[in-house]
Amino acid sequence: MANFFRLVHNENMKMYRRMSTITMLLLLVGGIGFAGIMQKTYSQPNDGADWKQALTEETAAMKEQLKEGGQEAYINSLKESIAINEYRLEHNLEPISETSFWGFIDFTTNFVGIIGIFTIIVAGGILASEFSWGTIKLLLIRPVKRSTILLSKYVSTLLFAFLMLIILFVVSSFLGGILFGFEGASQPYLNVVDGNVVEQSMLTHILQTYGLNSISLVMMVTFAFMVSTIFRNSSLAIGIAVFLSLSGDMIVMMLRQYEWVKYVLFANLNLSQYFSGTPLIEGMTLSFSLTVLAVYYVAFLIISWTVFIKRDVAA
């Protein structure tokens, strides 16, 4: 165990000494700051009681759209939006604006996707680069099992992702308070559960969003780590993982008419569809998606472990 922690420590030292890692951290912080300044400069905050009139008109328009019909997912989405709007009007709950403390933090959860790409870059190169530079031999001659070396690199990659998530939350919270103030910090998040509108803590909603997005992040990072282990080529691993990460949803939409598409990895990555929307494929449930993801996750790890343990390193 001591060897494992030393290896993790060494991996982190190597990782954070690289200019590419520092650049990614600076880009994340800079991106959050830029988004905050843009919202502060160009977004128009809600003006007093005008939000009630706007919400009333929006609700009336959605009711007209409801009469026109459409796909079940679209109809359900309209009904939920109408129910939430009517609840806000009845209980005098102003919608959360992007030019508010919680609104900005909620908006910056979109940066988890960027963190995913950054972590894929780290995962794709953390092992493949050792083969490219020939330093893998220096690791393998140590009195440490290959599985321990592989695990230390994988854990270091996940720690990098976790650090970036913490930075995202802390920086966005700090900037949200500085730029937009802490007024409305007690505002609830409205969600439809079993046909009823319920109030939830905004912090709970934000953390839930982080958690759900992190599952997708971990899956794609593990996939990139596996490809890196198999091909020992960081460019190939990063390219494949980033391409699939960006195009996965489009692939699923193109194949959604087939029954078997629900077993595809990308059809199950968006777990938020079970909390604030309708499942993409009819018959899919949260437990089903979690099971499918668990199978893929174990398969990725087994393939990575088998390839790294069994394959010889050329002299």
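Because the model is predicted, local features need pLDDT of at least 70 and side-chain atom pairs count only at pLDDT 80 or more, while totals for chains, interfaces and linings use all residues.

**Overall picture**

The protein holds 12 helices and two strands (DSSP runs numbered from the N terminus: H or I of at least four residues for helices, E of at least two for strands). In sequence order the pattern is α-α-α-α-α-α-α-α-α-β-β-α-α-α. The C-alpha trace spans about 75 × 50 × 30 Å along its principal axes. Of the 315 residues, 42% are buried (under 20% relative accessible area, with a 1.4 Å probe and protein chains only). Taking contacts (heavy atoms within 4.5 Å) between residues at least 6 apart in sequence, 77% join residues at least 24 apart.

**Two helices by length**

The expected span below is 1.5 Å times one less than the number of residues.

| Helix | Residues | First to last C-alpha | Expected span |
|---|---|---|---|
| α12 | 25 residues | 36 Å | 36 Å |
| α10 | 30 residues | 43 Å | 44 Å |

After α10 comes Arg232, with a positive phi near 55°.

**Helix α12 and Ser289**

The buried residues of α12 include Ser289, Val292, Leu293 and Phe300. The buried residues of this helix pack against α7, α8, α9 and α10. Ser289 counts as buried because its relative accessibility is 0%. Leaving aside residues up to four places away in sequence, Ser289 touches Asn268, Leu271, Tyr274 and Met284.

**Where α6 meets α11**

Helices α6 (residues 112-126) and α11 (residues 234-255) pack at an angle of about 150°, their axes 8 Å apart (lines fitted to C-alpha atoms over the stretch in contact, with angles from 0 to 180 degrees between N-to-C directions). The two helices are therefore roughly antiparallel (angles over 145 degrees). On the α6 side, the meeting residues include Ile117, Ile120 and Gly124, and on the α11 side they include Ala237, Ala241 and Ser245.

Note on methods:
Residues numbered from 1 in each chain as written. Heavy atoms only, no water. Buried < 20%, exposed > 50% of the residue type's maximum accessible area, 1.4 Å probe, protein only. Parallel < 35°, antiparallel > 145°, perpendicular 65-115°, else oblique.
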